[in-house]
Amino acid sequence: MLDSSLVLYGTTMSFDHSNSDQSYVWIGGAGGRHRGGRVLSFGRFGSGASTTNNQVLTSTCRMLGLPRDAFGDRAIGTGGVPGVDG
């Protein structure tokens, strides 16, 4: 059943109540659009090499078959998480 499903689990707060080092988990195969079995790290928010919530949500939409180039405020950023969705 999870081969055709996708669940995003996460939080918008980290251990120190800031918006850095947030954790997310994608569970399921999304109909073959998500490759699991990996642990990925994308840098701290504000470090210049970070991943935003918007990118996580954009990638989630893409894995569900929704053609999105952004999610939310485009001033924060566009595109998905690098190397996650195609």
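**View A. The N54 side chain reaches the backbone of D73 in this predicted model.** A polar atom of the N54 side chain lies 3.4 Å from the backbone oxygen of D73. N54 sits in helix α1. Its relative accessible area is 12%. N54 therefore counts as buried, the cut-off being under 20%. Leaving aside neighbours within four places in sequence, N54 contacts F71, G72, D73 and I76.

**View B. T60 pairs with W26 through side chains.** T60 belongs to helix α1, which covers residues 53–63. The polar contact between the side chains of T60 and W26 spans 2.9 Å. With sequence neighbours within four places set aside, T60 is in contact with L6, L8 and W26. T60 has a relative accessible area of 11%. That value makes T60 buried, because it falls under 20%.

**View C. A nonpolar patch lies on the surface.** Its members are L2, V7, Y9, V25 and I27. Together they have about 450 Å² of accessible area. Strands β1 (7–10) and β2 (24–27) each supply at least two residues of the patch. Y9, one of the members, is found in strand β1. The relative accessible area of Y9 is 58%. Y9 is classed as exposed because that value is over 50%.

**View D. A30 has a positive phi.** The angle is near 55 degrees, and the residue is not glycine. Most residues other than glycine have a negative phi. A30 is placed in the loop between β2 and α1. The relative accessibility of A30 is 3%, so this loop residue counts as buried.

**View E. R74 and D69 form a salt bridge.** The two side chains meet at 3.0 Å, N to O. Side chains of opposite charge can pair when their charged atoms come close. A search of the whole structure finds one salt bridge. D69 has a relative accessible area of 43%. D69 is partly exposed, because 43% lies between the 20% and 50% cut-offs.

Conventions. Residues are numbered from 1 along each chain as its sequence is written. This is a predicted model: local features need pLDDT of at least 70, side-chain atom pairs count only at pLDDT 80 or more; totals for chains, interfaces and linings use all residues. Side-chain values use heavy atoms; hydrogens and water are left out. Helices (H or I, at least four residues) and strands (E, at least two) are DSSP runs, numbered from the N terminus. Buried means under 20% relative accessible area, exposed over 50%, partly exposed in between (1.4 Å probe, protein chains only). A polar contact is a pair of N or O atoms within 3.5 Å; within protein, one must be able to donate a hydrogen and the other to accept it, and residues adjacent in sequence count only if both atoms are side-chain atoms. Contact means heavy atoms within 4.5 Å. Patches are made of residues with over 30% relative accessible area and no salt bridge: like charges are joined within 9 Å, nonpolar side chains (Val, Leu, Ile, Met, Phe, Trp, Tyr) within 5 Å. Accessible areas come from the Shrake-Rupley method with a 1.4 Å probe; for residues, only the protein chains shown count as cover. A salt bridge is a side-chain nitrogen of Lys or Arg within 4 Å of a carboxyl oxygen of Asp or Glu.
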